[in-house]
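Trainee: I'd like to learn how to read a protein model. Could you walk me through one?

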Amino acid sequence: MGDIKILQKYADDHIGPAHERVLAALRKAIERGDFAPGESLRQEAISATLRVSHIPVREALRHLEADGLVEVQRNKGARVVALSRKTIEDMMEIRAYISSNILKTAIPLLTEADYKRLQTIIDRQRVATDPIKADDWNNEFHRRLLQPAQNQVAEKVIGLINANIDRYLRGNFYGEQAFRNRSADEHEQILTTCKTGDKNRAAYLLSQHILSARDRIPEDLM
(Lines give C-alpha, C1' and ligand atoms only; values in the text may rest on other atoms or scores of the structure.)
Protein backbone atom coordinates (compact mmCIF):
# COMPACT_ATOMS: atom_id res chain seq x y z
CA MET A 1 0.00 0.00 0.00
CA GLY A 2 1.25 3.50 -0.81
CA ASP A 3 2.35 5.97 1.84
CA ILE A 4 -0.69 5.54 4.04
CA LYS A 5 0.51 8.25 6.40
CA ILE A 6 -0.49 10.82 3.77
CA LEU A 7 -4.11 10.00 4.58
CA GLN A 8 -3.78 11.66 7.97
CA LYS A 9 -2.57 14.89 6.38
CA TYR A 10 -5.42 14.89 3.88
CA ALA A 11 -7.95 14.11 6.60
CA ASP A 12 -6.62 16.96 8.75
CA ASP A 13 -7.26 19.33 5.83
CA HIS A 14 -10.96 18.46 5.90
CA ILE A 15 -13.39 19.53 8.61
CA GLY A 16 -16.46 17.40 9.17
CA PRO A 17 -17.78 14.06 10.46
CA ALA A 18 -15.50 11.03 10.46
CA HIS A 19 -16.97 9.42 7.33
CA GLU A 20 -16.56 12.68 5.37
CA ARG A 21 -12.95 13.08 6.48
CA VAL A 22 -12.14 9.48 5.55
CA LEU A 23 -13.83 9.87 2.16
CA ALA A 24 -12.06 13.16 1.43
CA ALA A 25 -8.67 11.71 2.39
CA LEU A 26 -9.03 8.54 0.34
CA ARG A 27 -10.39 10.40 -2.69
CA LYS A 28 -7.53 12.87 -2.64
CA ALA A 29 -4.92 10.13 -2.25
CA ILE A 30 -6.32 8.17 -5.19
CA GLU A 31 -6.78 11.20 -7.43
CA ARG A 32 -3.23 12.40 -6.74
CA GLY A 33 -1.73 9.00 -7.41
CA ASP A 34 -0.56 8.26 -3.87
CA PHE A 35 -2.22 4.86 -4.27
CA ALA A 36 -1.48 3.21 -7.60
CA PRO A 37 -4.09 1.65 -9.89
CA GLY A 38 -4.76 -1.91 -8.77
CA GLU A 39 -3.35 -1.31 -5.28
CA SER A 40 -5.17 -2.86 -2.32
CA LEU A 41 -6.80 -0.61 0.27
CA ARG A 42 -6.74 -2.40 3.61
CA GLN A 43 -9.52 -1.27 5.91
CA GLU A 44 -7.58 -2.15 9.05
CA ALA A 45 -4.61 -0.01 8.05
CA ILE A 46 -6.82 2.90 7.03
CA SER A 47 -8.80 2.75 10.28
CA ALA A 48 -5.63 2.66 12.35
CA THR A 49 -3.99 5.53 10.48
CA LEU A 50 -7.04 7.79 10.70
CA ARG A 51 -7.96 6.58 14.19
CA VAL A 52 -11.54 5.74 13.26
CA SER A 53 -13.68 2.60 13.37
CA HIS A 54 -14.21 0.41 10.33
CA ILE A 55 -17.70 1.82 9.78
CA PRO A 56 -16.70 5.21 8.25
CA VAL A 57 -13.98 3.45 6.22
CA ARG A 58 -16.47 0.99 4.72
CA GLU A 59 -18.87 3.85 3.99
CA ALA A 60 -16.14 5.83 2.27
CA LEU A 61 -15.13 2.83 0.15
CA ARG A 62 -18.75 2.36 -0.96
CA HIS A 63 -18.88 6.00 -2.09
CA LEU A 64 -15.62 5.63 -3.99
CA GLU A 65 -16.89 2.43 -5.61
CA ALA A 66 -19.97 4.31 -6.84
CA ASP A 67 -17.66 6.95 -8.35
CA GLY A 68 -15.64 4.29 -10.17
CA LEU A 69 -12.43 4.88 -8.22
CA VAL A 70 -12.50 1.76 -6.07
CA GLU A 71 -13.55 -1.83 -6.63
CA VAL A 72 -14.77 -3.83 -3.62
CA GLN A 73 -14.70 -7.59 -4.10
CA ARG A 74 -16.33 -10.06 -1.75
CA ASN A 75 -13.75 -11.79 0.44
CA LYS A 76 -10.94 -9.90 -1.34
CA GLY A 77 -11.35 -6.38 0.00
CA ALA A 78 -11.01 -3.11 -1.86
CA ARG A 79 -8.54 -1.96 -4.47
CA VAL A 80 -7.98 1.12 -6.60
CA VAL A 81 -9.58 0.67 -10.01
CA ALA A 82 -7.11 0.35 -12.89
CA LEU A 83 -8.41 1.81 -16.15
CA SER A 84 -7.57 0.59 -19.63
CA ARG A 85 -6.40 2.98 -22.36
CA LYS A 86 -9.73 2.50 -24.16
CA THR A 87 -11.68 3.46 -21.04
CA ILE A 88 -9.61 6.61 -20.53
CA GLU A 89 -10.07 7.58 -24.18
CA ASP A 90 -13.83 7.00 -23.92
CA MET A 91 -14.01 9.16 -20.80
CA MET A 92 -12.08 11.95 -22.51
CA GLU A 93 -14.42 11.87 -25.49
CA ILE A 94 -17.44 12.13 -23.21
CA ARG A 95 -15.86 15.00 -21.29
CA ALA A 96 -15.03 16.83 -24.53
CA TYR A 97 -18.56 16.40 -25.85
CA ILE A 98 -20.26 17.55 -22.66
CA SER A 99 -17.87 20.45 -22.02
CA SER A 100 -18.03 21.85 -25.55
CA ASN A 101 -21.82 21.83 -25.59
CA ILE A 102 -22.17 23.33 -22.12
CA LEU A 103 -19.74 26.09 -23.16
CA LYS A 104 -22.19 27.23 -25.83
CA THR A 105 -24.70 27.90 -23.06
CA ALA A 106 -22.12 29.51 -20.79
CA ILE A 107 -20.60 32.01 -23.24
CA PRO A 108 -23.51 34.51 -23.33
CA LEU A 109 -23.59 34.41 -19.52
CA LEU A 110 -19.89 35.10 -18.93
CA THR A 111 -19.37 38.51 -17.32
CA GLU A 112 -16.37 40.82 -17.30
CA ALA A 113 -15.66 39.62 -13.77
CA ASP A 114 -15.69 36.02 -15.04
CA TYR A 115 -13.18 36.87 -17.76
CA LYS A 116 -10.88 38.58 -15.27
CA ARG A 117 -11.06 35.60 -12.93
CA LEU A 118 -10.35 33.16 -15.77
CA GLN A 119 -7.37 35.22 -16.90
CA THR A 120 -6.02 35.22 -13.35
CA ILE A 121 -6.30 31.42 -13.29
CA ILE A 122 -4.34 31.15 -16.54
CA ASP A 123 -1.67 33.49 -15.17
CA ARG A 124 -1.32 31.34 -12.06
CA GLN A 125 -1.24 28.19 -14.16
CA ARG A 126 1.68 29.62 -16.15
CA VAL A 127 3.87 30.12 -13.09
CA ALA A 128 2.97 26.83 -11.38
CA THR A 129 5.94 24.46 -11.45
CA ASP A 130 4.43 21.66 -9.39
CA PRO A 131 2.47 19.21 -11.62
CA ILE A 132 -0.30 18.80 -9.06
CA LYS A 133 -0.74 22.55 -8.63
CA ALA A 134 -0.65 23.11 -12.39
CA ASP A 135 -3.32 20.45 -12.82
CA ASP A 136 -5.41 22.04 -10.06
CA TRP A 137 -5.34 25.38 -11.92
CA ASN A 138 -6.19 23.60 -15.15
CA ASN A 139 -9.25 22.00 -13.59
CA GLU A 140 -10.23 25.31 -11.99
CA PHE A 141 -10.12 27.03 -15.40
CA HIS A 142 -12.42 24.43 -16.94
CA ARG A 143 -14.79 24.51 -13.98
CA ARG A 144 -15.03 28.31 -13.93
CA LEU A 145 -15.42 28.49 -17.72
CA LEU A 146 -18.54 26.32 -17.65
CA GLN A 147 -19.93 27.46 -14.30
CA PRO A 148 -22.26 30.21 -15.66
CA ALA A 149 -24.31 27.51 -17.43
CA GLN A 150 -25.33 26.23 -13.97
CA ASN A 151 -25.64 22.62 -15.17
CA GLN A 152 -25.05 20.64 -12.00
CA VAL A 153 -25.44 17.26 -13.70
CA ALA A 154 -22.72 18.10 -16.22
CA GLU A 155 -20.49 19.39 -13.41
CA LYS A 156 -20.86 16.11 -11.52
CA VAL A 157 -20.19 13.93 -14.56
CA ILE A 158 -17.12 15.95 -15.55
CA GLY A 159 -15.90 15.87 -11.95
CA LEU A 160 -16.14 12.07 -11.85
CA ILE A 161 -14.32 11.76 -15.16
CA ASN A 162 -11.53 14.05 -13.99
CA ALA A 163 -11.19 12.10 -10.74
CA ASN A 164 -10.67 8.92 -12.75
CA ILE A 165 -8.32 10.10 -15.51
CA ASP A 166 -6.23 12.86 -13.92
CA ARG A 167 -4.14 10.34 -11.98
CA TYR A 168 -3.01 8.87 -15.30
CA LEU A 169 -2.38 12.12 -17.15
CA ARG A 170 -1.01 14.52 -14.52
CA GLY A 171 2.59 13.32 -14.49
CA ASN A 172 2.82 12.87 -18.26
CA PHE A 173 1.14 16.14 -19.19
CA TYR A 174 1.88 18.59 -16.39
CA GLY A 175 5.23 17.12 -15.46
CA GLU A 176 6.89 18.93 -18.38
CA GLN A 177 7.13 22.71 -18.69
CA ALA A 178 6.49 22.58 -22.45
CA PHE A 179 3.13 20.93 -21.96
CA ARG A 180 2.18 23.21 -19.09
CA ASN A 181 2.85 26.15 -21.42
CA ARG A 182 0.85 24.52 -24.20
CA SER A 183 -2.13 24.03 -21.91
CA ALA A 184 -2.06 27.68 -20.80
CA ASP A 185 -1.71 28.87 -24.40
CA GLU A 186 -4.75 26.86 -25.44
CA HIS A 187 -6.70 28.23 -22.50
CA GLU A 188 -5.82 31.75 -23.66
CA GLN A 189 -7.06 30.96 -27.16
CA ILE A 190 -10.33 29.52 -25.86
CA LEU A 191 -10.89 32.54 -23.62
CA THR A 192 -10.15 35.01 -26.43
CA THR A 193 -12.62 33.21 -28.71
CA CYS A 194 -15.30 33.24 -26.01
CA LYS A 195 -14.98 37.02 -25.85
CA THR A 196 -15.80 37.29 -29.56
CA GLY A 197 -19.06 35.44 -28.99
CA ASP A 198 -18.22 32.76 -31.56
CA LYS A 199 -19.77 29.86 -29.66
CA ASN A 200 -19.11 27.18 -32.27
CA ARG A 201 -15.44 28.08 -32.64
CA ALA A 202 -14.91 28.26 -28.88
CA ALA A 203 -16.66 24.90 -28.41
CA TYR A 204 -14.47 23.33 -31.10
CA LEU A 205 -11.28 24.67 -29.51
CA LEU A 206 -12.31 23.39 -26.09
CA SER A 207 -13.12 19.94 -27.48
CA GLN A 208 -9.77 19.69 -29.29
CA HIS A 209 -7.95 20.95 -26.20
CA ILE A 210 -9.41 18.15 -24.10
CA LEU A 211 -8.91 15.44 -26.71
CA SER A 212 -5.29 16.46 -27.36
CA ALA A 213 -4.38 15.04 -23.96
CA ARG A 214 -4.97 11.56 -25.39
CA ASP A 215 -1.43 11.74 -26.75
CA ARG A 216 -0.14 11.85 -23.18
CA ILE A 217 -1.80 8.65 -21.95
CA PRO A 218 1.00 6.46 -20.53
CA GLU A 219 2.23 3.77 -22.93
CA ASP A 220 2.22 0.99 -20.33
CA LEU A 221 -1.57 0.84 -20.00
CA MET A 222 -3.57 -2.13 -21.29
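**Reading burial, sheets and salt bridges**

Mentor: Let's start with Gln-8, which counts as buried at 15% relative accessibility. Buried means under 20% relative accessible area, exposed means over 50%, and partly exposed is in between, using a 1.4 Å probe and protein chains only. Before we go on: this is a predicted model, where local features need pLDDT of at least 70 and side-chain atom pairs count only at pLDDT 80 or more, while totals for chains, interfaces and linings use all residues. Residues are numbered from 1 along each chain as its sequence is written, and side-chain values use heavy atoms, leaving out hydrogens and water.

Trainee: Which residues does Gln-8 touch, not counting those up to four places away in sequence?

Mentor: A contact means heavy atoms within 4.5 Å. By that rule Gln-8 touches Arg-21, Thr-49, Leu-50 and Arg-51. Gln-8 itself is found in helix 1. Helices (H or I, at least four residues) and strands (E, at least two) are DSSP runs, numbered from the N terminus.

Trainee: And what covers the buried residues of helix 3?

Mentor: The cover includes helix 1 (6-12), helix 2 (18-31), strand 1 and helix 4. The buried residues in helix 3 (43-50) are Ala-45, Ile-46, Ser-47, Thr-49 and Leu-50.

Trainee: How do I read a sheet?

Mentor: Strands of a sheet pair through backbone hydrogen bonds, either parallel or antiparallel. Here, two strands pair if DSSP finds at least two bridges between them. This model has an open sheet of three strands in the order 1-3-2, with antiparallel pairing. Strand 1 (40-41) and strand 2 (70-73) are the edges, each pairing on one side only. Strand 1 meets strand 3 (77-80) over two bridges, and Ser-40 has Arg-79 in strand 3 as its bridge partner.

Trainee: What about salt bridges?

Mentor: Side chains of opposite charge can pair when their charged atoms come close. The cut-off is a side-chain nitrogen of Lys or Arg within 4 Å of a carboxyl oxygen of Asp or Glu. The structure holds 14 of them. In one, Lys-86 and Asp-90 meet at 2.9 Å, N to O.

Trainee: Why are Lys-86 and Asp-90 separated by about one helical turn?

Mentor: Because they are four residues apart in helix 5. An α-helix has 3.6 residues a turn, so residues three or four places apart point the same way. Lys-86 is exposed at 51%, whereas Asp-90 is partly exposed at 29%.
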